[in-house]
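Dear colleague,

I am handing over a structure for your study. Please look through it first, and then read the notes that follow.

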Amino acid sequence: MASSKKISDESLQKLCKAGTAKQPGSYARWYAYVSQELANAPQHDGGSGDFDYSIEQHLVKENRQDDLLRFAELKRRLYETSIVEKKDELLRFFAMMSYFRVNGVQKKINAERTRSESETDVKQLGSGDFAFLRHTPGGDSEKSPGFQQGFSPLRHIEINHSHISRRESLAESISSNVSSRSAVCRNLESGYSQHDLIREVIFAFNGIGGSVFIDDCGDGTFRISQKLKGSLRQHASHLAEIGTLNFKIRKIIDSVPHIGAPYCLTALVSAIRDQLHEFNRLITNLEAQLRQSSRESPMTLLQIRIITHQPKCHLKWLATVANECKDKKGGALLSTLHMLVQHGDPKVREWLTPLLTAASAPFYSILSEWLERGTLNDPHMEFFISADNETIVNNFWHRKYSLRESMRPSFISQAQANMVLTTGKSVAFLTQCCGKVPKDFKIPGLQEAIENCSDKLWEVDGALQVCIEVAHRDFSKEALVVMMQDGKLALHLQAMRRYMLLGSGDFIKSLMECAAEELNKKAGNLMTHTLTPKLETAIRSSNAQYEDEDVLNRLDVKLLYMYNEEYGWDIFSLQYCIDGPIAMIFPPEVKVKYLSLFNALWRAKRMEWLLSNMWRSQAISARELRKMTEIGPLIRELSVLISEMNQFMRQMQYYLLFECVECQWSLLQAAINQAASLDDIIQAHSKFLDNILKSCFLDEQNFSKESQHLTLILRHIYNYILDVCKLEAEFDKLINTEFQRRKDLEKRYEQLEEASMYGITKDDEEKEKYALKRFSNAITKIQVTLVLNADGYREKVKTFLLALASHPNEDLQFLSLRLDFNEYYKTLDKRLSAPHTLSYRRRSSLMAPYVNMTVSAEF
């Protein structure tokens, strides 16, 4: 530990000047005396050796216990520092200064005599109390690897451990120099010989009680015999704790079965057994030394306590590990071990790191198999990834594999766990679904990184982290290429937009015209096989006939569940059948979202189609009905209302199909072009659908009060449009009947005139009056109903516009402006004239009447 060279003359002069700073005249005498002493002092290679021992002996003789403890503490701090090189010479220098200051140069001879006597005592130490520390039978103690790990006999006590106070440890190390004769006398007084006591101690180390260490309960908790008094009882209590620790550790690890236990726990128990094996070797050495001890150099309890001081600390940590991990497995066990390893004492880390390494071996074996094969061999559910083998192919990516947070080790971050999950899922997809990864594939550098595992293994620049990042990039890219090329992902996404999101307008219009007759029936009378031919007809009569054959084969009709009295329009839907690997992008929950969007867009498209048909019908019959002047005001009022509704629905159609669907579709295409893995595409597709649902007021996961209110108002507006359509159909039937009656009457008059038959009978006049009155009453009734419907419709539109204006989404606020482009509704409600500020939005939201109704399931 100390340097073998003398302290330099320059350094010696600086030390002497510093020591005589308050006595300048004494510098020359100090320097001359110290130089001579250091020049004549012998050199020792064994550290502080006999010189510090002579100082301790001197302090013991003068009964200076406090100074003795202070000296030992300062000496320990001196030899632990790496700044001072010549520690022995510096210690000798301070001792000489002390002698010089106390006794003066006159007593130099006495000091020399004392030093020579001390050297003589140290030379005889080989046959004293600590002789057995320098030699063990067969030399096993020094060569055993277990002793190098913490169970080797100690030449110096580790007095900085947290479980033993520094003062007690120092007192024990100093009191070990006391003559063994006094200890033997005390042993005789207590009725036990030193040999018997040590033999009892060795039995206690193995968990076996005796006459001194009494185990009343058989649980390894020893009670010390009352015959032992004083220091012997204190030493015995200290040593009994070692046996208790050993007993408890073995009891815990023996309770773990050899077969059927979790892999990580089994590996930890095996590692603890290996370290306990080294403790058993220490006990064997003590037994051998006990047999070879003699009366002249007997072993003492104090010597055993000194030897087992560090092993006891080791056993305490092993007991802590065994107790904390006995009921844990897998990642939870590794988290506990990792927390214990993060200790400030390097010795504790040296003891516990091998346990963490051993317990991690099964975990890393599962990890490597998951990353290279995409399979999980985890019968005890110790890994942080779980597999559901009953999951169907459609839910392979979303449901088959998931994170098990309870088993995620604390040294693995959430981002790293997600990367491992995605990498393994990509390998499983390529292997199980596509057969792309060979069975003997190995990730370069993975096994080497696992074999050389350390605390920095999972750091950002760690070897394992680098391997996982490379594997994640390569496998994700390969899975993406397979999905885009073999699975034709882009083609199927385009088909979903055209047919499920009404992107192909001519096909949707043709489908409505072909299936209208069937869809006007009650829902209970509707059959799928009657609608399938209508779908085929719509395909042949539109540009859909040029679609890819695979896409057309997947397009089919679907009827939803019926609620109450519904018509075919309410339960009709299209479905796009997807199977194979591509189905991972379209799990059942995604298909439900597409159905919800189709129903909402289909309903809005139907309203626009009905209004267009009404406008066309009125435009065709307008010329013929000019003669019926009494229906002029009603036709004009009906035309205005239909135009008003038509404008509203066209703006809504533009918003839904262009701003909601097409704008989000362009963002989805950009995300797909930049995607680096399947997860990126899945997330972008999910975001695409969620944004459209939210824009269409169908955000079911967060069905906010604003969206619910807008949905209810839209439903009422659609109901008013349907009522007007029914009223228009009734009106059209009425006026056509009346028009035909009048036409027939004129024809009859012409026939009478040609036959020279003139005059109308009274019965004919009465019938004509009755017919005209009945027609007039019907027109009045229709006109009243039309006015009520118009007022109700306009009130709901005003409420809808106010709700849009007060919505936090700016796109919906601008939609309110477009729906009232000519400011007609502003003249009906002054609240719509207020500026769109935050304070107004809050105020108008309070003023807008909310309808206390729930959305029906079919809507």
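Leaving aside its neighbours within four places in sequence, phenylalanine 800 is in contact with Phe648, Met652, Phe697, Leu710, Ile713, Leu714, Ile717 and Leu819. Please keep in mind that this model is predicted.

**Aromatic pairs**

The count of aromatic pairs comes to 17. One of them joins phenylalanine 648 to phenylalanine 800 in an edge-to-face arrangement, with 5.9 Å from centre to centre and 70° between the planes. This pair links distant parts of the chain: phenylalanine 648 belongs to helix H29 (residues 632–674) and phenylalanine 800 to helix H32 (residues 762–805), 152 residues apart. Both phenylalanine 648 and phenylalanine 800 are buried.

Tryptophan 665 and phenylalanine 688 form another edge-to-face pair, at 6.1 Å centre to centre and 65° between the planes. Here too distant parts of the chain are linked, with tryptophan 665 in helix H29 and phenylalanine 688 in helix H30 (residues 678–695), 23 residues apart. Are these two residues, tryptophan 665 and phenylalanine 688, buried or exposed? Both are buried.

Finally, Trp569, Phe572, Phe598, Trp602 and Trp609 form one aromatic cluster.

With kind regards

Note on methods: Residues numbered from 1 in each chain as written. Predicted model: local features only at pLDDT ≥ 70, side-chain atom pairs only at ≥ 80, totals over all residues. Heavy atoms only, no water. Phe/Tyr/Trp six-rings, centres within 6.5 Å; stacked < 30°, edge-to-face > 60°. Helix = DSSP H or I, 4+ residues; strand = E, 2+ residues; numbered from the N terminus. Buried < 20%, exposed > 50% of the residue type's maximum accessible area, 1.4 Å probe, protein only. Contact = heavy atoms within 4.5 Å.
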